[in-house]
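Hello everyone, let's get started. Please look at the screen, and keep the sequence in view while I talk.

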Amino acid sequence: MSEALTFKPAAQLSDMLGRGALSSVELTQAVIDRCDAVDDKVGAFLYRDSEAALAAAKDSDERRHRGEALGPLDGIPVGLKDVICLKGQPLTCASKILERFISPYDATVTSRLKAAGAVLYGKLNMDEFAMGSSTENSGFLKTANPWNLTCIPGGSSGGSAAAVAAGELPLTLGSDTGGSIRQPAALCGVVGMKPTYGLVSRYGLSAYASSLDQIGPFARTVEDVAMILEVIAGHDSRDSTSWKTDIPNYRVQLREGKDSWTIGIPKEYFGEGLDPEVREAVEKAILFYEGRGATLKEISLPHTDLAVSVYYIIATAECSSNLARYDGIRYTSRAENPADGVDLYRKTRGENFGPEVKRRVILGTYVLSSGYYDAYYLRAQKVRTLIRNDFMSEFDAGVDVVLTPTSPTPAFKLGERTDDPLKMYLADIYTICTNLAGLPGISMNCGFNSNGLPIGLQLIGKPFGEADLLKVAHQFDASHDFNEATPEL
Amino acid sequence: MDYEPVIGLEVHVQLKTKTKMFTRVAYQYGEEPNTLTNPVIMGLPGTLPVLNKAAIEQTIRFGLLFGSEVPEISKWDRKNYFYPDNPKNYQLSQYDQPLCVGGSVEIELPGPSRNVMGEHKTIELTRAHLEEDVGKLTHFENDSLVDYNRAGTPLLEIVSEPVLRSPEECVAFLNALRVALSNAGISDCDMEKGQLRCDANVSVRPVGSDILNTRTEMKNLNSVAHVRDAVAYEIQRQTKVYQDGGRVVQETRRWNVDGGFTSSLRSKEHAHDYRYFPDPDLMPVKIPQETKDRLLGDLPELQFDMQRRFMEDYGLPYTLTSVLCPDLPLARFFEAAVAVYNKPRQIANYVANDLLRELAESGNEGEGGMPVSESPASPESIAGLVQLIDDGVISSQIAKAVFAEMFKTGKAPGDIVEAKGLKQSTDTGEIEGICREVIANNPKPVEQFKAGNEKAINALKGQVMKATRGKANPKMLDDLLRKLLGD
């Protein structure tokens, strides 16, 4: 019973809680039991405080008894990627350098979830400082893909995706800098969304690449994503890059469907390197939309092939500066017996950062160096504008959403690409442009390959066009039962 | 060959704001270490900066005060370097789009004497920008401690063009900045509290040449005297290097306060590469014309403009203006008094001498006298006092005593004169009686006066004044005495 319960979409659980058919304590206990049962295999969690979760669940039930339920998320367990601050709990960013750090404050998304009554449960595994596409760069733990435990779950928010796929949590949050929500969502067969840059506050999200990072949700259904997005979105005075925009009732708007969408199909996303089974599944999805009256439009986004290069200049430049604070002086791990101050930095960072983090910090330091700034960083920013313009001119020409595969391949094997960073970087070629352009993107399951691995469909929307994007996604999601499939664990 | 110095100063001024630059933590000097912090100040993971509008406005006011261009768009950059006093290991600063571009500061060099105005020069500014301050390190034998209380406080960096030509000009430049910034409420510029610190760039070149030779930089000079001495030393050192046929090396040098010399700290090869790039966490700032217009309306007059006006409009001598004008509250006090009674010269004397002396002698221990804003004697009462003298109600002698009483009690001068019966006596009969008595009792000065010694009459006047406790009208007394002595 508890397994079936934890695989239910959050919206259903919310209805059950509302009807009194379920208590938050029961639900939370079921989640805890499920994690106890399967997380040894999955490895989604870096930290769980079951006692705190049960206490929050009890509070929720009491509120509900008093008729003071806070909304649809009240009593629903939600997990956080371990890059989002939760007061009093560890924040490691899956790095040894933050091994002993306890966050003294809540991220804005965390306090909004608390205010909505959500039961916060667990800090989820990830690639160290969100750098990676397989969660293999975690400093602590490998996470397995629940659909095939020998495969990676994607990354960097691999724990957040795997936890939902494995029925350990109905809702989780991740962060997406170049695809870190959408790619693992695709590989784990769940829904994952990266909102428009500026829709969700980054306050309390440990920064990887500040101009690209966005927090976003993982869920079993598009409706669930809409439900939690409503809670976490909206302007925050503590984040100067958060946008002052009205947040619509996304979930209610899902039902106000229209069929006359114009869907752009960019030819650059269907070229070489795309796995044939992925292509087939995505083409089926295109036919679905056509059948529902959508206008399909083949489009070109000509600067797509520059995206990976631009990304690895901008993201590494920003990360080299963002990660400078982890230095052994204040709150991080600290190397023993340094010869002097510089040696303290060198040893602390040398011993505690993993190889991928070091690679990106060094790359970023290089591209910002005197004499190279104009050739790399400045140029990359200009190309970034071109990439955004590619999308904006298609939107101006009538395209409502852009449809692409999320990832060129389904999940690959653990260890398969760890020695080949360039090949690893290509896992994000379909997701990176969205971050560079600041656009919202969503990935959902559109089928399975012959090995039973999920395949992701990506939809990209206009800036702050989340309501429409969710509607288009919901149309597909609600008409298929891919989201009802559960892995054997 | 004769050499002349070429000096540019970078002045760091802590802005007067209630809270820090990028988060709303209060700042005060002298608090327990690491108590004025929060997650943002400590650079904890996930924290983000939010601009302090007051700090931006203070910087714009600086620009407007000194005629800088304040561009419509200004942006924020990260200056990356590792140092334990720097919690994020990058400092938020402004690289290529500062809030203030250009501008100039009028300075006055020392005149031949205190009473004579010195030469005035205009020192052009390159720019001024806003950044965050860092924490403070204290070094011990085996370890160092860091206090982040100061970290993140707003710091205005003012960069001069390399147009200063002597240590004295540096001093005059710093003093002009201090006076203007504290009068405008932009900074208290208290050097003891580290609110004003200075880096000096010095080179020398043959007189008459317009080349810019290799320069050295001296960092963190925290008093005007240190700037003067370090610059003077460096001019001498570099001149000697050239005279001996050597080359000056581009480097950062440390000023050794106790030894009175500079020594090499790090060479150009070891200079930091700060890897500046635009801060992705802060949006550029747009400054609309209306903001500048509003802030412009709230700027005080600059010291030297005011001095010229006081000399022209009020006919004050340079000496009095050089006391009044650098001290804006005092100058405002003076003008308020003149507005009540238009005798600027006399009022200026009372304000610059009597009032300042009383203020200096009052106030709390260790706080450097009472501020003029707390003076018990108001501008109106000082104006009133001068008017009482002019009207012949009291003598200037009596006025001294009335002033002291005014300062002590805050009472109006008229009330004090009334209550203490200090009105000048014009009762000829009473004074004549006293005069006769004095003449009778002082045969010696009477004799001398009659013998033609004019000054001898003063001794007699003094006696009468003493007997009337100063209330005799001096003019009347003089007439009376002469009449009686002539009889």
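First, a definition: rings of Phe, Tyr and Trp (its six-membered ring) pair if their centres lie within 6.5 Å, with planes under 30 degrees apart counted as stacked, over 60 as edge-to-face and the rest as tilted. Searching the whole structure gives 32 aromatic pairs over all chains.

A word on sources. This is a predicted model, where local features need pLDDT of at least 70, side-chain atom pairs count only at pLDDT 80 or more, and totals for chains, interfaces and linings use all residues. Residues are numbered from 1 along each chain as its sequence is written, chains are lettered from A and ligands numbered from 1 in the order in which they are written, and side-chain values use heavy atoms, with hydrogens and water left out.

Back to the rings. Take A:F129 and A:F353. Their ring centres are 6.0 Å apart and their planes are at 80 degrees, so this pair is edge-to-face. A:F129 sits in the loop between strand 3 (119–124) and helix 6 (158–165) of chain A. A:F353 sits in the loop between helix 12 (341–352) and helix 13 (355–367) of chain A, so the pair ties together parts 224 residues apart in sequence. Helices (H or I, at least four residues) and strands (E, at least two) are DSSP runs, numbered from the N terminus.

Are A:F129 and A:F353 buried or exposed? Both are buried. Buried means under 20% relative accessible area, exposed over 50%, and partly exposed in between (1.4 Å probe, protein chains only). Ring pairs also join A:F129 and A:F353 in a cluster with A:F101, A:Y326 and A:Y331.

Next, a stacked pair: A:Y312 and A:Y425, 3.8 Å centre to centre, with 15 degrees between the planes. A:Y312 is in helix 11 (residues 307–322) of chain A and A:Y425 in helix 15 (residues 421–425) of chain A, 113 residues apart. A:Y312 is buried at 7% relative accessible area. A:Y425 is buried too, at 9%.

Now charges. Side chains of opposite charge can pair when their charged atoms come close. A salt bridge is a side-chain nitrogen of Lys or Arg within 4 Å of a carboxyl oxygen of Asp or Glu. Over all chains, the search finds 53 salt bridges.

One of them joins A:R63 and A:D74, with the closest N and O atoms 2.7 Å apart. A:R63 lies in helix 4 (residues 50–65) of chain A, and A:D74 in the loop between helix 4 and strand 2 (77–81), so the pair ties together parts eleven residues apart in sequence. Both residues are buried.

Another joins A:K297 and A:E394, at 3.3 Å between the closest N and O atoms. A:K297 is in strand 8 (residues 295–299) of chain A, A:E394 in helix 14 (residues 374–396) of chain A, 97 residues apart. A:K297 is partly exposed, at 28% relative accessibility. A:E394 is buried, at 13%.

Last, the two chains together. How many residues of chain B are in contact with chain A? There are 31, and they touch 40 residues of chain A. Contact means heavy atoms within 4.5 Å. About 2,700 Å² is buried between the chains, and carbon and sulfur atoms give 58% of that. Buried area is the accessible area (1.4 Å probe) that two parts lose on being put together, summed over both. On the chain B side, B:P45, B:L48 and B:R275 lose the most area to chain A, together 23% of what that side buries.

Which salt bridge do the side chains of A:R202 and B:D281 form, and at what distance? They meet at 3.0 Å, N to O. The count between chain B and chain A is one salt bridge. A:R202 and B:D281 also belong to a network of salt bridges with A:D239, B:R78 and B:D279.
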